[in-house]
Amino acid sequence: MIIFEKVCKRFSNEHIGLDDITLRLERGEMAFLTGHSGAGKSTLLKLIMLMERPTSGQVWVGGYMLSKLRRGQIPALRRNIGVVFQDHQLLFDRTVYDNVAIPLLVSGYNPNDIGKRVRAALDMVGLLDREKLNPLALSGGEQQRVGIARAMVNRPAVLLADEPTGNLDPDLSADIMQRFHMFNQAGTTILIATHDLGLVKRMGHRVITLDKGHLYNQQEQMA
Ligand SMILES: Nc1ncnc2c1ncn2[C@@H]1O[C@H](COP(=O)(O)OP(=O)(O)OP(=O)(O)O)[C@@H](O)[C@H]1O
C-alpha cells in the first residue's frame, strides 16, 4: 500500500530529514513509527501525503508513484489519506459537526450524504451527542476524537497520525489507540508516529524506528 524506495529528504538548510529509507507497509497493516525528536517521523508522514517531496528516491501510495502524479490527481490521493495531528487543528469558530464535515464539503458531497457520513464518523468516536457544540466545550481527549472523526469521515484507505496522543493522559491515549486498532480491523492501513513506547509495546503492532533520518530496525509484532 505504501512503499518507500531509497528515499532521501534534504532540506534547503542542508538538514537531513530522511536518508536512504526503503520501507513497505502492506494494505490493511497497522504500524507505529518511533524515534527521537528530529529523527524524521513527521517528514516521512509528510512525504506520504505529498506535503513534502523527496530529494531522491520514490514513494508509492496505493499503486501510484507520487512523483508521477499529475496536479489534478493530488486531491483524489489526499481524499484517500486521513490525517490526525497532535494539536488536531480544529476550527473553534465552528461546531463539532461542521469541523467533521469539512473534508466532505471540499469533496463536493451532497448535504444528505454529508449528514449521514458526519454522524457515522461521530458515532465511531462516541461523540454523536456533541455535534452541535463548539469544540472549545470539549475535553482534550474529546477534541482529539473530533479530529479522528474528521480524518475518517471520507472513509480513507490510509490513516496517518502524527503524535495523536501527545497531550493526553494514559487512559485517554489507550482509548484513542483502541479506536485506531478498530479502524485497522475494519481494513484501514494505519501508520502512527509516536514517542509513547509503553503504548506501542502494549498494542503489539509492527514498529518502525527512525534514528537521525535512518531506518534503525523493524520489529514485527513486538511482544
Ligand atoms: N521544513 C524544514 N526545513 C528544514 N529542516 C527541517 C524541516 N522539516 C524538518 N526539518 C528537519 O528534519 C529533521 C527531521 O524532522 P521531523 O520533524 O521529521 O522529526 P520528528 O521525528 O517528527 O521530530 P518530533 O518528534 O520532534 O516531531 C529535523 O532535523 C528537522 O529539524
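**Packing of helix α4 in the predicted model.**

**Length and end of helix α4.** Helix α4 takes in residues 111-124, which makes 14 residues, and from its first C-alpha to its last it reaches 20 Å, close to the 20 Å expected at 1.5 Å a residue. The helix is followed by Gly 126, a residue whose phi is positive, near 70°.

**The shell around the ligand.** The ligand is surrounded by Phe 11, Asn 13, His 15, Gly 17, Gly 35, Ser 37, Gly 38, Ala 39, Gly 40, Lys 41, Ser 42 and Thr 43. Sorted by class, this shell holds nine polar residues, two nonpolar residues and one charged residue. Helix α1 (residues 41-48) gives the most to the shell, contributing three residues.

Asp 211 is placed in strand β9, which covers residues 206-211. Because 13 other C-beta atoms lie within 10 Å, Asp 211 counts as partly exposed; a residue would need 20 or more such neighbours to count as buried, and 12 or fewer to count as exposed. Leaving aside residues up to four places away in sequence, Asp 211 touches Gly 35, Ala 39 and Tyr 216. Two of these contacts, Gly 35 and Ala 39, are also listed among the residues that surround the ligand. Asp 211 and Asp 19 are 192 residues apart in sequence, yet their C-alpha atoms are 9.8 Å apart in space.

**An open sheet of four strands.** The strands of this open sheet follow the order β2-β1-β4-β5, and their pairing is antiparallel. At the edges stand β2 (16-25) and β5 (64-65), each with a single partner strand, so one side of each is left without a neighbour in the sheet.

**Pairing of strands β1 and β4.** Strands of a sheet pair through backbone hydrogen bonds, in either a parallel or an antiparallel manner. Here strand β1 (residues 2-10) and strand β4 (residues 56-61) run antiparallel and are joined by five bridges. Ile 2 has Val 61 as its bridge partner in β4.

Definitions and conventions. Residues numbered from 1 in each chain as written. Predicted model: local features only at pLDDT ≥ 70, side-chain atom pairs only at ≥ 80, totals over all residues. Near = placed C-beta within 6 Å. Helix = DSSP H or I, 4+ residues; strand = E, 2+ residues; numbered from the N terminus. Nonpolar A, V, L, I, M, F, W, Y, C, P; charged D, E, K, R; others polar. Contact = placed C-beta atoms within 7 Å. Pairing = 2+ DSSP bridges. Expected span 1.5 Å × (residues − 1).
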